[in-house]
Amino acid sequence: MTAATLYGLCGAALVGLGLYGTIVHPQPLRKILSFNLLGAGVFLQFGVIARRGAAAGMGGDPVPQAMVITGIVVAFSATALAVALVLRLFQETGGATLGTDPPARQYGGEGAGR
Amino acid sequence: MAEFLITAAGFILAMVALGLVRILRGPADADRMMSAQLLGTGGIAALLLLGAGTRMPSLVDAALTLALLAAFAAVAFVNSAGRG
Amino acid sequence: MSVALALDAGLALLVLCVAVWTIGAGPTFAAVVGFVAFGLLLALVWVRLAAVDVALTEAAIGSGVTGAVLIAAAARLRLTEAPSAAERPSATLRLAAVVLCVLVFAGLAGLVLYPANPAPTLAPAAAVHLPELDVGNAVTAVLLAYRSVDTLLEKVVLLLALVGVWSLAPDRFWGGAPGILRPARTDGALVLLGRLLPPIGIVVGVYILWVGAIAPGGAFQAGAILAAMWLLVMIAGLRDPPEIGHRWVRLLLVAGPAVFLAVGLAGFALPGGFLSYPAGHAKPLIIAIEAVLTLSIAVILGLLVAGPPERERRR
Amino acid sequence: MRVLLDIAMVLAVSAGAFFFLAGTVGLLRFPDSLTRLHALTKADNLGLGLVVLGLLPQADGYLAALKLVAVWLLAQLAGATVSQMIARTMRRGGQRA
């Protein structure tokens with residue numbers, strides 16, 4: 001058992017946990033959180049592959065590491081966009097739900113319902 | 001000596017991780033924030049010790065970044081708690 | 001070596017526990033604080049995986065800036081928690097989700113336990129051209145030379161996300177200033193922090209950018225630090241958030257990608273084509289691109305956290 | 001000399017680790033939020049301070065030592081202001097916030 005294997009299993013478990021939360025949580029903000037956990041698990045897989053590719057005097061393969069850095073920044077921008085969407089939903093409807101029922105506080109009459 | 005430093009890092013990490021039970025128990029949001037703050041300081045200490053123990057001087061830069069942003073989450077918390 | 005392995009096992013277990021808490025916690029705020037702690041622990045994991053560049057990015061962006069966005073959002077959405085949480089999916093769906101997640105976990109775990117042998121690596125290929133570039137940090141070389149088109153496109157993704165956030169503003173606020181940061185009350189300690197920390201933060205940011213050529217660091221990490229300092233000044237009420245219609249805001253936003261693209265197009269004059277650097281001038285060009293990128297990243301990240309405009313534009 | 005410095009380091013780092021232990025015990029066992037805040041600041045200041053003190057002689061060069069001290073000072077600043085702010089938030093919102 002090496003450290004890379006340990007963290008690889010940890011990352012695999014994070015992907016599973018994050019996927020579960022993303023599916024099951026009804027609150028959008030919790031879904032966003034879970035999705036970030038899932039992403040972290042995927043990044044860890046990259047990190048493990050990089051660690052195993054240690055060569056040429058480097059502690060890890062720099063290519064997957066650079067991809068993870070790009071990934072973290074993109075994940076942040078996606079998170080910020082998603083949070084802004086949820087907040088806007090809250091402003092418009094007074095609720096933050098992804099349910100199929102029309103939101104509790106209607107604001108326009110026809111068109112807002114389904 | 002390296003073994004001692006790594007053990008110390010692990011010990012401090014274990015201690016502040018124990019403090020995370022406060023996130024579980026609360027009861028107030030302020031208590032939760034405090035345990036995150038403690039984890040931040042412990043993480044900085046662990047980074048410094050690991051940096052010395054594994055001969056990675058660049059870890060001090062990581063600790064510097066963490067120390068710089070240590071207050072950031074708490075500031076966001078205080079700001080949002082103030083508005084209810 | 002067993003001490004280090006014990007540390008690794010403990011750290012992995014801790015990360016999993018905090019992740020379980022983040023998924024399972026009742027109050028959303030508790031879950032968000034759990035996520036901030038998770039980001040911090042993840043930074044330590046990256047250190048243990050010998051990826052200090054990633055650890056720096058995770059510490060600055062994953063824990064710091066993302067944490068601020070989520071904490072603010074959790075506080076705003078507090079009232080919606082109870083009605084929303086009532087919509088739990090049925091037991092069947094949850095069971096199906098568990099089965100799916102276990103299958104995904106098992107698949108990934110299999111890949112981890114039975115990896116390709118020998119492990120694939122591009123490290124030697126990356127090392128060969130480092131002397132030509134005169135850049136000591138291989139990750140910086142990958143980001144700004146070997147795979148620079150990825151980095152360029154990533155900047156475009158950041159800009160698109162910002163345009164997406166802005167487009168959520170009601171029409172009457174278009175071109176105005178974001179409002180999420182306005183402090184509820186002035187707090188003496190916060191003002192002190194807002195005055196003392198940013199000058200130090202700017203120095204550290206420039207240092208992280210500069211050292212990125214030879215050691216872990218670089219434009220992303222420096223940009224995130226600068227963004228955090230800017231946000232701190234705005235939260236402390238020392239400066240108002242800028243109106244998004246201002247010309248200098250727009251200019252700063254596109255400066256980084258524009259300079260990057262200009263250097264890239266100039267590469268057509270060389271044998272290498274798009275985004276190739278003239279021999280002997282790679283390092284100054286990379287540093288120049290990084291410096292402008294850092295400014296753009298800082299402004300984009302700061303405005304992403306600040307959210308859509310919530311005030312009318314002053315004429 | 002080398003041995004003396006090593007002993008000093010072991011002592012200082014151990015003392016620092018002890019303060020982290022004390023901070024955690026306080027955070028878990030003290031009865032209310034304000035006393036827990038008190039425990040937290042001890043770990044922040046003394047725990048990290050002693051660890052930095054122990055590592056100072058090991059640092060290679062003045063610049064590295066300066067960075068170590070800077071880390072401690074920054075953590076001090078963050079800890080001091082954050083505990084002020086958290087305490088004020090608690091006083092304003094009662095025990096709820």
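Analyst: Let us begin with one enclosed element. What covers the buried residues of helix 8 of chain C? The cover includes helix 3 (62-93) of chain A, together with helix 3 (52-76), helix 6 (123-128), helix 7 (130-133), helix 9 (148-166) and helix 13 (282-306) of chain C itself. Please note that this is a predicted model, in which local features need pLDDT of at least 70 and side-chain atom pairs count only at pLDDT 80 or more, while totals for chains, interfaces and linings use all residues. Residues are numbered from 1 along each chain as its sequence is written, and chains are lettered from A and ligands numbered from 1 in the order in which they are written.

User: How is a helix defined, and what does "buried" mean?

Analyst: Helices (H or I, at least four residues) and strands (E, at least two) are DSSP runs, numbered from the N terminus. A residue is buried if 20 or more other C-beta atoms lie within 10 Å of its own, exposed if 12 or fewer, and partly exposed in between, with C-beta atoms placed from the backbone. In helix 8 (residues 138-146) of chain C, 8 of the 9 residues are buried, so this helix is largely enclosed by the rest of the structure. Among the buried residues are A138(C), V142(C) and L144(C).

User: Which residues does L44(A) contact, leaving aside its neighbours within four places in sequence?

Analyst: They are Y7(A), C10(A), G11(A) and L14(A). An α-helix has 3.6 residues a turn, so residues three or four places apart point the same way. L44(A) itself lies in helix 2 (residues 28-52) of chain A and is buried, with 28 other C-beta atoms within 10 Å.

User: How does one describe a whole chain, such as chain B?

Analyst: One counts its elements and then considers its extent and burial. Chain B has 5 helices and 0 strands, and its C-alpha trace spans about 50 × 25 × 10 Å along its principal axes. Of its 84 residues, 75% count as buried.

User: How many residues does each side give to the contact between chains B and C?

Analyst: Chain B gives 44 residues and chain C gives 48. Each of helix 1 (2-19), helix 2 (21-25), helix 3 (29-53), helix 4 (59-69) and helix 5 (72-82) of chain B supplies at least two residues of the side that touches chain C. That side of chain B divides into 29 nonpolar, 10 polar and 5 charged residues; Ala, Val, Leu, Ile, Met, Phe, Trp, Tyr, Cys and Pro count as nonpolar, Asp, Glu, Lys and Arg as charged, and the others, Gly among them, as polar.

User: Which chains share the most contacts?

Analyst: Of the 4 pairs of chains in contact, chains A and C do. Their contact takes 83 residues from chain C and 68 residues from chain A. Helix 3 of chain C gives the most to the side of chain C that touches chain A, with 13 residues. By contrast, no contact joins chain A and chain B, whose closest C-alpha atoms lie 11 Å apart.

Key
Contact = placed C-beta atoms within 7 Å.
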